[in-house]
Amino acid sequence: LANIKSEDEVYEVVDLTEYARRHQWWSRVFGNNSGPIAEKYSVATQIMMGGVTGWCAGYVFQRVGKIAATAIGGGFLLLQIANHSGYVQVDWKKVEKDVNKAKKHLKKKANKAAPEINTFIEEATDFIKRNIVLSSGFVGGFFLGLAS
């Protein structure tokens, strides 16, 4: 934080990137130095919590995945029928050019976002390592949720 003084007014400048790094959502939920969940709950409780949350996530992922696949597949099928019937003509060269342009744009954005993504991945990996029992329960529950 820095103060900038002008003739009559004082402004406080906040560096939002530094603030976001120090005040992440999991710090608000679990505390600033939240240790492994293993220190707070028994193994059975951790497995149950991980399994239930994993099953819920897997079930929702399965349902949303089916709906998205149906919508995309149905839209593509209708587009092909319309193209074959002569209602729609697709300029495939323009589509290819636009896709290549979008890939270049995404590559540039991905290179700029790499430090934040790497930091998140490192923190997530550290959380998983510190809470291996909970994480194992989540993975098992997630696969059960996908299967149900």
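In this report, Ala, Val, Leu, Ile, Met, Phe, Trp, Tyr, Cys and Pro count as nonpolar, Asp, Glu, Lys and Arg as charged, and the others, Gly among them, as polar. The model is predicted, so that local features need pLDDT of at least 70 and side-chain atom pairs count only at pLDDT 80 or more, while totals for chains, interfaces and linings use all residues. Residues are numbered from 1 along each chain as its sequence is written, and side-chain values use heavy atoms, with hydrogens and water left out.

**Overall picture**

The protein has 5 helices and 2 strands, which follow one another from the N terminus as β-β-α-α-α-α-α; helices (H or I, at least four residues) and strands (E, at least two) are DSSP runs, numbered from the N terminus. Of its 148 residues, 11% count as buried, where buried means under 20% relative accessible area, exposed over 50%, and partly exposed in between (1.4 Å probe, protein chains only). Among contacts (heavy atoms within 4.5 Å) between residues at least 6 apart in sequence, 65% join residues at least 24 apart.

Helix α3 covers residues 43-85. At 1.5 Å a residue, its 43 residues should span 63 Å, and the end C-alpha atoms lie 61 Å apart, which agrees; the expected span is 1.5 Å times one less than the number of residues. Gln46, Gly50, Gly54, Gly58, Gln62 and Ala82 are the buried residues of α3, and the buried residues of this helix pack against α5 (132-147). An α-helix has 3.6 residues a turn, so residues three or four places apart point the same way. Just after α3, glycine 86 takes a positive phi of about 95°.

| Residue | Relative accessible area | Contacts beyond four places in sequence |
|---|---|---|
| Glycine 50 | 0% | Leu134, Gly137 and Phe138 |
| Glutamine 62 | 13% | Gly145, Leu146 and Ser148 |

The C-alpha atoms of glycine 50 and valine 133 are separated by 8.0 Å, although these residues stand 83 residues apart along the chain.

**The second largest pocket**

Glycine 50 also belongs to the lining of the second largest pocket, together with Met49, Thr53, Phe127, Ile128, Leu134, Ser135, Phe138 and Val139. Elements giving two or more residues to this lining are α3, α4 (92-130) and α5, and α5 gives the most, with 4 residues. By class, the lining divides into 6 nonpolar, 3 polar and no charged residues. About 240 Å³ of space lies in this pocket, a volume being the space filled by probe spheres set on grid points that are joined across faces, edges and corners. On a 1 Å grid over the protein atoms alone, a pocket is an open set of points where a 1.4 Å probe fits, with protein on both sides within 12 Å along at least five of seven lines, and lining residues have an atom within 4 Å of a point.
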